Amino acid sequence: MIDAKTSILGLLGQPVGHSLSPAIHNAALAEMGLNWCYLALSCKTNDLTKILEGLRCVECKGLNITIPHKQSVAKICKNLSPLAQELGAVNTLIPTENGEWKGANTDVEGFLAPLKTSEIDWKSKEVVVLGCGGSARAVIAGLQKLEVSRITILNRSEKNLQMFLSDIEMHQANQKQLKIRKSQVTGCLYKDPKLKKYISSADLIVNTTPVGMSTSPAQAINKNQLPLEEKIWKTVKPKITFYDLIYTPRPTAWLRLGAEHGHQCIDGLEMLIEQGAASLRLWSGIKDIPINVMKNAAKVSLRT
Ligand code: NAP
């Protein structure tokens, strides 16, 4: 119950009206007996600095950051975790003793969670990533941590792909200096015929585009949308892994197709829950987070 001692946590973004984060975090907080309340706070880019300062002044216990503010917060924040610095993106803010915020990123941990519980040894595997937007950056960093041998990024727009590859290249130059083993990263456009070769040799394919997502009955047409054409998905090797970052609908048309052809399928719900649980660990200092309570709360919200 909210009382005079309740502290706040929140999500800053725009829009935030469809977010599952309040449901999953408030369910976990109740289970953990913490007198904290998690709110979705719509925030315009121009108000970001003021809102961050204000929330720090009212002893806000922690924040999640979502679209479109992840990169802006990384620039505003003076104190960043090494991973947030590497990605140039913050999804979690932790209050520090000197009255400031520390920026962290739990998206990579969230993305990796279902891959780490799988029995497959991902080292030396070939991976195709569809799309190169905000979430793809964390996906690539995660795949590099798994030391996969090759990552091919397939994208529709040439300009966005080039920008994304330059950013990765810059980061790989730093890795070389640190002597970290790196995965080979290349790009290919949707219209390039070489795309078929990459798809047919992949062990893992990750969809980071919003193609197939539908958040309301009005968008139900998306439920049948596949990334690329259906026939290309018949050319993949047997028993590979399809990983779709989308968690609504469950399953997407692409994962349904993957399951029909006997592939291992992972949707975005576990990533969402695990990145949230990792944030809650950082805010509370408590290691054991009630993941199943969070998952059930998300499933109930997705049904309503
Ligand atoms: P984003 O930054 O907007 O990235 C969009 C990417 O998708 C771009 O590469 C874009 O290609 C491509 N794309 C968009 N529409 C397309 C279309 N019709 N055909 C082909 N390519 C298209 O999005 P994001 O923030 O990375 O999020 C992507 C998806 O991941 C969303 O559905 C989001 O809900 C989901 N997500 C899930 C989690 C989770 O925890 N499970 C976390 C983050 C995101 P161009 O460059 O050609 O425009």
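**Packing in a predicted model**

Trainee: Leaving aside neighbours within four places in sequence, which residues is L63 in contact with?

Mentor: This is a predicted model, and L63 is found in strand β3. Leaving aside neighbours within four places in sequence, L63 is in contact with G10, L12, L52, L55, N91, T92, L93, W101 and W283.

Trainee: Is L63 buried or exposed?

Mentor: Buried means under 20% relative accessible area. L63 has a relative accessible area of 0%, so L63 is buried.

Trainee: How many residues apart in sequence are L63 and T92?

Mentor: T92 is among the residues in contact with L63. Their C-alpha atoms are 5.7 Å apart in space, while in sequence L63 and T92 are separated by 29 residues.

Trainee: Where is T96 found, and does T96 count as buried or exposed?

Mentor: T96 lies in the loop between β5 (92-95) and β6 (101-104). The cut-off for buried is under 20% relative accessible area. T96 has 17% relative accessibility, so T96 counts as buried.

Trainee: Which side chain does a polar contact join to that of T96?

Mentor: Not counting residues up to four places away in sequence, T96 touches R56, N79, W101 and K102. The polar contact is 2.5 Å, and the side chain joined to that of T96 belongs to N98.

Trainee: The charged end of R56 sits over the ring of which residue?

Mentor: R56 is one of the residues that T96 touches, and W101 is another. The charged end of R56 is 5.8 Å from the centre of the ring it sits over, that of W101.

Trainee: What covers the buried residues of α1?

Mentor: Helix α1 covers residues 21-32 and reaches 16 Å from its first C-alpha to its last, close to the 16 Å expected. Its buried residues are S21, P22, I24, H25, A27, A28, L29 and M32. What covers them includes β1 (7-13), β2 (36-42), β3 (62-65), α10 (269-284) and α11 (291-303).

Trainee: Which element gives the most to the largest nonpolar core?

Mentor: The largest nonpolar core has 33 residues, and those with the most contacts inside it are F111, L115, L143, I153 and Y243. Elements giving two or more residues to this core include α5 (107-117), α6 (134-145) and β8 (150-155). With six residues, the element that gives the most is α6.

Trainee: How many residues are in the second, separate core?

Mentor: I24 and M32 are among the buried residues of α1. Both belong to the second, separate core, which also includes Y38 and W283. The size of this core is 22 residues.

Trainee: Why is the pair of W233 and F242 edge-to-face?

Mentor: A search of the whole structure finds five aromatic pairs. The ring centres of W233 and F242 are 5.9 Å apart. Planes over 60 degrees apart count as edge-to-face. The planes of W233 and F242 are at 65 degrees, so the pair is edge-to-face.

Trainee: How many residues apart are W233 and W254?

Mentor: W233 and W254 form an edge-to-face aromatic pair, with 5.5 Å centre to centre and 65 degrees between the planes. The pair links distant parts of the chain, with W233 in the loop between β10 and β11 (241-244) and W254 in helix α9 (residues 253-260). Their separation is 21 residues.

Trainee: Which residues form one aromatic cluster?

Mentor: W233 is buried, with a relative accessible area of 1%, and F242 is buried, also at 1%. W254 is buried at 0%. The cluster is formed by W233, F242 and W254.

Technical notes: Residues numbered from 1 in each chain as written. Predicted model: local features only at pLDDT ≥ 70, side-chain atom pairs only at ≥ 80, totals over all residues. Heavy atoms only, no water. Helix = DSSP H or I, 4+ residues; strand = E, 2+ residues; numbered from the N terminus. Expected span 1.5 Å × (residues − 1). Buried < 20%, exposed > 50% of the residue type's maximum accessible area, 1.4 Å probe, protein only. Contact = heavy atoms within 4.5 Å. Core = buried A, V, L, I, M, F, W, Y, C linked by side-chain atoms within 4.5 Å. Phe/Tyr/Trp six-rings, centres within 6.5 Å; stacked < 30°, edge-to-face > 60°. Lys NZ or Arg CZ within 6 Å of the ring centre and 35° of its normal. Polar contact = N/O pair within 3.5 Å; in protein donor to acceptor, adjacent residues only side chain to side chain.
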